[in-house]
Amino acid sequence: MSVYIITCKLNKRIVYVGSTNTTLKQRMVWHKNAYTKWVNGKERLSSEIHKYFKVYGVANFDMTLYKNYDYIDKKYIKAKEQLLMNKLRRYTCLTVVNKCDSFTTPYIQKLKLKLYNKKHQKKNK
């Protein structure tokens, strides 16, 4: 399993942290395809990185490997992903754009997502 960072070439402060059990190339293709579906109205849900793809253009983003980990279970890799997000948020001037924490209980994540969506629905009216 790999933890990766997507960085904007035009605004180096914008980063997105993720994990995958596929190659980075395959994962980036997945992100681009999901973005295209979202833009074309074929997908309701979007990743937070999608709005930055829209502003800066998908071609202006690079994915780099942060670290490979032995697969123990999904919680383990999500914890590693969360640790990286926490480090980047705390010790750098980077803007981590993930809208949800990777490692939390499903209940807390659901509550946070509801609050996030409610806030952004009001903002986008």
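Me: Which side chain does D62 meet in a salt bridge?
Reply: A salt bridge here is a side-chain nitrogen of Lys or Arg within 4 Å of a carboxyl oxygen of Asp or Glu. In this predicted model, D62 pairs with K9 at 3.8 Å, N to O. The two belong to distant parts of the chain, 53 residues apart: D62 is in strand β3, and K9 is in the loop between β1 and β2. Helices (H or I, at least four residues) and strands (E, at least two) are DSSP runs, numbered from the N terminus.

Me: How should I treat the numbering and the confidence?
Reply: Residues count from 1 along each chain as its sequence is written. Local features need pLDDT of at least 70 and side-chain atom pairs count only at pLDDT 80 or more, while totals for chains, interfaces and linings use all residues, and side-chain values use heavy atoms, with hydrogens and water left out.

Me: Is E48 buried or exposed?
Reply: Buried means under 20% relative accessible area, exposed over 50%, partly exposed in between (1.4 Å probe, protein chains only). E48 counts as buried because its relative accessibility is 10%. Its salt-bridge partner K51, with the closest N and O atoms 2.8 Å apart, is partly exposed at 35%.

Me: Why can residues three places apart in a helix point the same way?
Reply: An α-helix has 3.6 residues a turn, so residues three or four places apart point the same way. K51 and E48 are 3 residues apart in helix α2, about one turn.

Me: Which residues does I49 touch?
Reply: Contact means heavy atoms within 4.5 Å. Leaving out residues up to four places away in sequence, I49 touches I6, Y16, H31, F61 and V97.
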